[in-house]
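Subject: Structure for your files

Hello,

Here is the structure I promised to pass on. My notes on it follow below.

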Amino acid sequence: MTKIIAALIISLVMASCAFAEGLEVLTLVETQGQSDTGLLVNASDSLKAEYFPDGKMPSQILAFWVKVGDNGILFDAGLRAGNIPAELSTKGIDTENVKTILLTHLHGDHYGGLVNAEGKAAFPNAEVYVSKPEYDYWVNELKNDSVISALKLYKVNQFAFGDEVVAGVRAIDTSGHTPGHVSYLAESGGEKILIAGDIMHFQTIQLPHPEVAVKYDVDPVKAVQSRKFLLDYAAEKHIAVAGMHIMLPGVLDITKSGEGYTGK
Ligand SMILES: [Zn+2]
């Protein structure tokens, strides 16, 4: 009897350790659609036609739920009320149980879903984390009403580039797309992943041609530098990259290839 109990305890301890150690990544789909190649910057018409002969590019908006050890973290919140909560609920996660939301930046397709259809906090028990330069740009400099009213619903924590934002998650400066855009390096039990926000929007052309930018980039030159920096880092360290506009499943292993990259 004692032996059985001891064996049970040992197996439970081992199970809970195994559970706490690694990373668990869930891709949450906000929407999928198409975008026009007119969004691209630094791309000639012939280059656009080479990758997108009909002028249409596949596009998607994603968010990610990552368990870092025992801590479940929502990375970005999608565009519209209800979509990411619905995705979470199909995976057995209640909005009340979302405690930590890390935002990569403050574009509408990343923070819009913080607000529910009644104008209240979609994640009533969550604290939101955003980089200080990003907060300063949208709230203090642009005084953007919709950003301000969405963030008002939450306790908002600001952090600096390079900070360990929560246990096991560090913010990497990948500014350019927006002034405070960050990518997050999450690590647990020897496993790592980069949650890279808008490090690229249209991988079909931006992996082989990382110099191609998009009209949404606040500083396209810096956005290109940040893309190359992060993809070089991911390729050298063999760390998978999850991105909010990467085609499903939203996660790529990156390899250097000439002046650009391949991903699969
Ligand atoms: Zn975006």
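Which residues touch the most other members of the largest nonpolar core? They are Ile101 and Ile195, in a core of 72 residues. A nonpolar core here is a set of buried Ala, Val, Leu, Ile, Met, Phe, Trp, Tyr and Cys residues joined through C-beta atoms within 7 Å. Strand 3 (residues 56–68) gives the largest share of this core, 7 residues.

Before the rest, two points on the source. This is a predicted model, in which local features need pLDDT of at least 70 and side-chain atom pairs count only at pLDDT 80 or more, while totals for chains, interfaces and linings use all residues. Residues are numbered from 1 along each chain as its sequence is written.

Overall form

The protein has 8 helices and 16 strands. Helices (H or I, at least four residues) and strands (E, at least two) are DSSP runs, numbered from the N terminus. The radius of gyration is 19 Å, close to the 18 Å that the globule rule gives for 264 residues, so the protein is as compact as a globular protein of that length. That radius is taken over C-alpha atoms, and the rule is 2.2 Å times the number of residues to the power 0.38. The C-alpha trace spans about 75 × 45 × 35 Å along its principal axes.

Of the 264 residues, 42% are buried. A residue is buried if 20 or more other C-beta atoms lie within 10 Å of its own, exposed if 12 or fewer, and partly exposed in between, with C-beta atoms placed from the backbone. Of the contacts with a separation of 6 or more, 69% are between residues 24 or more positions apart. Two residues are in contact if their C-beta atoms, placed from the backbone, lie within 7 Å.

Strands

Strand 6 (residues 127–131) has 4 of its 5 residues buried. Strand 6 runs parallel to strand 5 (residues 100–102), joined by 3 bridges, and pairs with strand 7 (residues 155–159) in the parallel sense over 5 bridges. Two strands pair if DSSP finds at least two bridges between them. Thr100 has Glu127 of strand 6 as its bridge partner, and Ser131 has Phe159 of strand 7. Ile101 touches Leu74, Ala77, Phe123, Ala126, Val128 and Tyr129, leaving out residues up to four places away in sequence.

Elsewhere, 6 strands form an open sheet with mixed pairing, in the order 8-9-10-11-13-14. Its edge strands, strand 8 (164–166) and strand 14 (251–252), each pair on one side only. Strand 8 is antiparallel to strand 9 (residues 169–173), with 2 bridges between them, and Val166 stands opposite Val169 in strand 9.

Helix 8

Helix 8 (residues 220–237) has 18 residues, which should span 26 Å at 1.5 Å a residue; its end C-alpha atoms are 26 Å apart, which agrees. The expected span is 1.5 Å times one less than the number of residues. Ala223, Val224, Ser226, Arg227, Leu230, Leu231 and Ala234 are buried in this helix. They cover an arc of only 165 degrees around the axis, which puts them on the same side of helix 8. The arc is that of the directions from the helix axis to the C-beta atoms. An α-helix has 3.6 residues a turn, so residues three or four places apart point the same way. On the face turned away from the buried side are the exposed residues Val221, Glu236 and Lys237. His238 follows helix 8 and has a positive phi, near 55 degrees.

Loops

Asn42, between strand 2 (40–41) and helix 2 (45–51), is a residue other than glycine with a positive phi, near 70 degrees. Asn42 is partly exposed, with 14 other C-beta atoms within 10 Å. Asp76 also has a positive phi near 70 degrees and lies in the loop between strand 4 (71–75) and helix 3 (83–90). Asp76 counts as buried, with 28 C-beta neighbours inside 10 Å.

Gly197, in the loop between strand 11 (191–195) and helix 7 (203–206), is buried, with 26 C-beta neighbours inside 10 Å. Setting aside neighbours within four places in sequence, the contacts of Gly197 include Thr104, His105, His181 and Met244. Leu248 and Pro249 are joined by a cis peptide bond, with omega about 10 degrees. Pro249 sits in the loop between strand 13 (240–242) and strand 14.

Regards
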